[in-house]
Amino acid sequence: MQDIETRELRYFVAVAEELHFGRAAERLGIAQPPLSRAIRQLEHRLGVQLLDRDRRGVALTEAGKALLHEAKTALDAIAAATRRTQRAAAGSRSLVLVTKAGATHELLEQLLAAAEAEPDPVDVEVLLCEVGEQAGLLRDGTADVAIMHRPYDDLAGFDTEDVLTEGQVAILPRAHPLASREKLLLEEVQNVPDLPIARWPRLDGTYPEGPGPEVRNQAKLAQLVALGKTLLVIPASSRAWQWPRHVAVPVIDAPDVTTVVAWQPSSRSRTVASFVRKAIEVRERLMVSDAQDS
C-alpha cells in the first residue's frame with residue numbers, strides 16, 4: 001500500500017469536519033469534483049469506507065472517525081516540525097509559552113522572572129489564548145511549552161511537570177447573597193436558580209447540558225458575572241481578571257487543580273529543558289513558602 005499524502009489528509013479532514021463536500025471544497029479553495037475523487041481514491045487505497053453518503057448528507061464511519069483523529073495528529077506534527085525547524089534556523093534563544101489569558105498570573109510572573117535571571121537568558125514570548133486552546137497550539141508547534149491545568153486541560157501525549165496544586169473559588173456578582181458567605185459547597189453553586197453556573201467546554205470541545213451560558217472567552221465571562229447572569233468555579237490563582245464587581249468565595253469541597261508546565265516529549269530543545277528546570281525551581285520555592293506559612 002502506498003503512503004498517504006499530506007494533501008489527502010488535509011482533504012479528508014476538511015470533509016470530515018464539514019460533513020459536506022461543497023463546504024469542504026470551498027474551505028480548501030478547490031472544486032468539488034476533484035475533492036470527491038480524491039476521497040474515493042483514498043478509500044480505495046486504504047480498503048475501507050471512510051464516509052457514509054446518502055441523500056441526507058455525509059457521516060463518518062468508525063474507520064473515518066479513527067482516521068480523522070490520526071490525520072489531525074499527523075498534520076499537527078508536520079506543522080510543528082516546520083515551525084520548530086524555522087525557529088532553529090533563526091538561531092535565536094527564544095521560546096514561545098502559551099497560557100490561558102488570566103490564568104495563574106502570579107505564577108507566570110515567577111516563571112518569567114526565573115527565566116530572565118539565567119546568565120544567558122532565553123527570550124520568552126508569552127502567547128495568550130482562550131480556554132482549552134493550549135493543547136492545539138502546543139501540538140502544532142505554535143508554542144514550545146504551555147501552562148495548563150489538570151484535570152481540565154487536554155494533557156494527552158505531553159510530558160508535564162507539576163508546579164502548583166490549589167483549591168478553587170466561586171466567582172460571583174458582588175450583589176448576590178452568596179457573595180457574602182465565607183465559604184461554599186459545590187452543591188450550593190451548581191444549582192442556583194437565578195445564577196446558573198457557566199459551562200466550560202469538555203476536552204472534545206462540546207459543552208455539558210445545563211441552563212448556564214457556554215463560555216470560552218474570558219472577557220465575555222467577566223461581563224456576564226458582573227451583570228448577574230452566571231457564576232463560575234475556577235482555580236484560586238486564576239483570578240487575575242477578577243473585576244471590582246466580582247467576589248471570590250472558596251468552594252471547600254471542589255477538587256484540587258494542579259497547574260503544570262507541558263511540552264512535547266519529542267522536543268530536544270535546550271531552551272525548553274532550561275525552562276522546565278526553572279519551573280521546578282519555582283515549584284520548590286512555592287513549597288517552602290507554603291510550609292513556612294502553615
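Tutor: A contact here means heavy atoms within 4.5 Å, and that cut-off is needed for the residue taken up at the start, in what is a predicted model. By this criterion, and leaving aside residues up to four places away in sequence, T230 touches P173, L195, P196, I197, A198, P213, L221, L224 and V225. T230 is found in the loop that runs between α8 (218–226) and β8 (232–235), and T230 is buried, its relative accessible area being 0%.

The structure holds two cavities of 30 Å³ or more, and the largest cavity has a volume of about 50 Å³. Of the 11 residues lining the largest cavity, K100, Q218, I234, S238 and W241 are the closest to its centre, while α8 and β8 each supply at least two residues of that lining. Sorted by class, the lining of the largest cavity has seven nonpolar, three polar and one charged residues.

The second largest cavity contains about 40 Å³ of space, and its lining is made up of A115, E118, V122, V124, T271, S274 and F275. Helix α9 (residues 270–293) gives the most to this lining, with three residues, and the classes divide into four nonpolar, two polar and one charged.

The largest pocket has a volume of about 1,500 Å³ and is lined by 47 residues, among which Y152, D154, R202, L203 and D204 lie nearest its centre. The elements that give two or more residues to this lining are α4 (62–90), α6 (134–139), β5, α7 (186–190) and β8, and the largest share, nine residues, comes from α4. By class, the lining of the largest pocket divides into 22 nonpolar, 12 polar and 13 charged residues.

The peptide bond that joins R150 to P151 is cis, with omega near 15 degrees.

In the loop between α1 and α2, L19 has a positive phi of about 50 degrees although it is not a glycine; L19 is partly exposed, with a relative accessible area of 35%. Within helix α2 (residues 21–28), F21, A24 and A25 are buried. These three cover an arc of only 100 degrees around the axis, which puts them on the same side of α2. The buried residues of α2 pack against the helices α1 (6–18) and α3 (32–46), and also against the strands β1 (51–54) and β2 (57–60). Just after α2, G29 takes a positive phi of about 75 degrees.

Terms used. Residues are numbered from 1 along each chain as its sequence is written. This is a predicted model: local features need pLDDT of at least 70, side-chain atom pairs count only at pLDDT 80 or more; totals for chains, interfaces and linings use all residues. Side-chain values use heavy atoms; hydrogens and water are left out. Buried means under 20% relative accessible area, exposed over 50%, partly exposed in between (1.4 Å probe, protein chains only). Helices (H or I, at least four residues) and strands (E, at least two) are DSSP runs, numbered from the N terminus. The arc is that of the directions from the helix axis to the C-beta atoms. On a 1 Å grid over the protein atoms alone, a cavity is a set of points where a 1.4 Å probe fits but cannot get out, and a pocket is an open set with protein on both sides within 12 Å along at least five of seven lines; lining residues have an atom within 4 Å of a point. Grid points are joined across faces, edges and corners, and a volume is the space filled by probe spheres set on the points. Ala, Val, Leu, Ile, Met, Phe, Trp, Tyr, Cys and Pro count as nonpolar, Asp, Glu, Lys and Arg as charged, and the others, Gly among them, as polar.
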